[in-house]
Amino acid sequence: MAVTSEATTLWFGSLTEGHGTTSLDSSDAAEFPVTWAARSEGVPGKTNPEELLGAAHSACYSMALSHALTGAGHAPESLQVTAAVTFVPGEGITGSHLLVSAKIPGLSAEEFATFAEDAKKNCPVSAALAGVSITLEASLA
């Protein structure tokens with residue numbers, strides 16, 4: 001069954017002087033303020049497309065890794081995944097760096113590295129980001 005998720009942004013004004021809000025419509029979970037300054041300079045209290053993309057990438061990767069581990073008989077106790085998405089004004093999104101810390105009883109670091117790399121390649125958001133560099137730093141806690 002296909003699921004379509006929706007988000008809406010309402011923008012007011014020019015790119016550099018304007019502002020807007022992005023709403024998570026499908027879940028009705030949140031509404032976030034967005035500005036160009038938050039995107040190009042980083043502004044506390046406001047988000048940007050890259051932070052939202054990082055949220056999507058970290059959640060998707062966590063699910064893919066958990067699924068692969070559980071399917072192989074190594075259900076994770078916990079996974080902490082941060083996706084750091086880089087934006088360069090005038091160039092665009094240049095990459096996503098996945099930082100993973102996992103608690104998985106009975107799994108060696110070498111085995112974990114294989115699962116972590118496989119999830120990076122097979123996570124649907126990673127596939128959607130195929131045009132940018134995706135790096136991975138994964139360790140067992």
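Guide: We can go through the overall fold, the core, the salt bridges and the pocket.

Visitor: Great. What kind of model am I looking at?
Guide: This is a predicted model.

Visitor: How many helices and strands are there in the protein chain?
Guide: The protein chain has four helices and six strands. Following the sequence, they come in the pattern β-β-β-α-α-β-β-α-α-β.

Visitor: And what box do the C-alpha atoms fill?
Guide: Roughly 55 × 35 × 25 Å, taken along the principal axes.

Visitor: How much of the chain is buried?
Guide: Of the 141 residues, 30% are buried. As for contacts, if you take those between residues at least 6 apart in sequence, 46% join residues at least 24 apart.

Visitor: Let's go inside. Which residues have the most contacts within the largest nonpolar core?
Guide: Tyr61, Leu65 and Phe112 do, in a core of 20 residues. Helix 2, strand 4 (78-88), strand 5 (92-103) and helix 3 each give two or more residues to this core. Helix 2 gives the most, with five. In soluble globular proteins, nonpolar side chains tend to be buried together.

Visitor: What does phenylalanine 112 touch?
Guide: Leaving aside residues up to four places away in sequence, phenylalanine 112 touches Leu65, Val100, Ala102, Ile104, Leu107, Ala138, Ser139 and Leu140.

Visitor: How far apart are the C-alpha atoms of alanine 116 and threonine 35?
Guide: They are separated by 34 Å, and the two residues are 81 apart along the chain.

Visitor: Switching to charges: how many salt bridges does the count come to?
Guide: Two salt bridges. Side chains of opposite charge can pair when their charged atoms come close. One of the pairs is glutamate 50 with arginine 39, where the closest N and O atoms are 2.7 Å apart.

Visitor: Which parts does that pair tie together?
Guide: Glutamate 50 sits in helix 2 (residues 49-71) and arginine 39 in helix 1 (residues 36-40), so the pair ties together parts that are eleven residues apart in sequence. Glutamate 50 is buried at 3% relative accessible area, whereas arginine 39 is partly exposed at 28%.

Visitor: And the pair with glutamate 117?
Guide: Glutamate 117 forms a salt bridge with lysine 120, with the closest N and O atoms 3.1 Å apart. These two are three residues apart in helix 3, so about one helical turn separates them. Glutamate 117 is partly exposed at 28% relative accessibility, and lysine 120 is buried at 15%.

Visitor: Last topic: how much space lies in the largest pocket?
Guide: About 390 Å³. The largest pocket is lined by 15 residues, and the closest to its centre are Ser5, Leu24, Leu52, Ala55 and Ala56. Strand 2 (19-24) and helix 2 are the elements that give two or more residues to the lining.

Visitor: Which element gives the largest share?
Guide: Helix 2, with six residues.

Visitor: What classes of residue make up that lining?
Guide: Ten nonpolar, four polar and one charged.

How values were computed
Residues numbered from 1 in each chain as written. Predicted model: local features only at pLDDT ≥ 70, side-chain atom pairs only at ≥ 80, totals over all residues. Heavy atoms only, no water. Salt bridge = Lys/Arg side-chain N within 4 Å of Asp/Glu carboxyl O. Buried < 20%, exposed > 50% of the residue type's maximum accessible area, 1.4 Å probe, protein only. 1 Å grid on protein atoms, 1.4 Å probe; cavity = no way out; pocket = protein on both sides within 12 Å on 5 of 7 lines; lining within 4 Å. Points joined across faces, edges and corners; volume = space filled by probe spheres on them. Nonpolar A, V, L, I, M, F, W, Y, C, P; charged D, E, K, R; others polar. Core = buried A, V, L, I, M, F, W, Y, C linked by side-chain atoms within 4.5 Å. Contact = heavy atoms within 4.5 Å.
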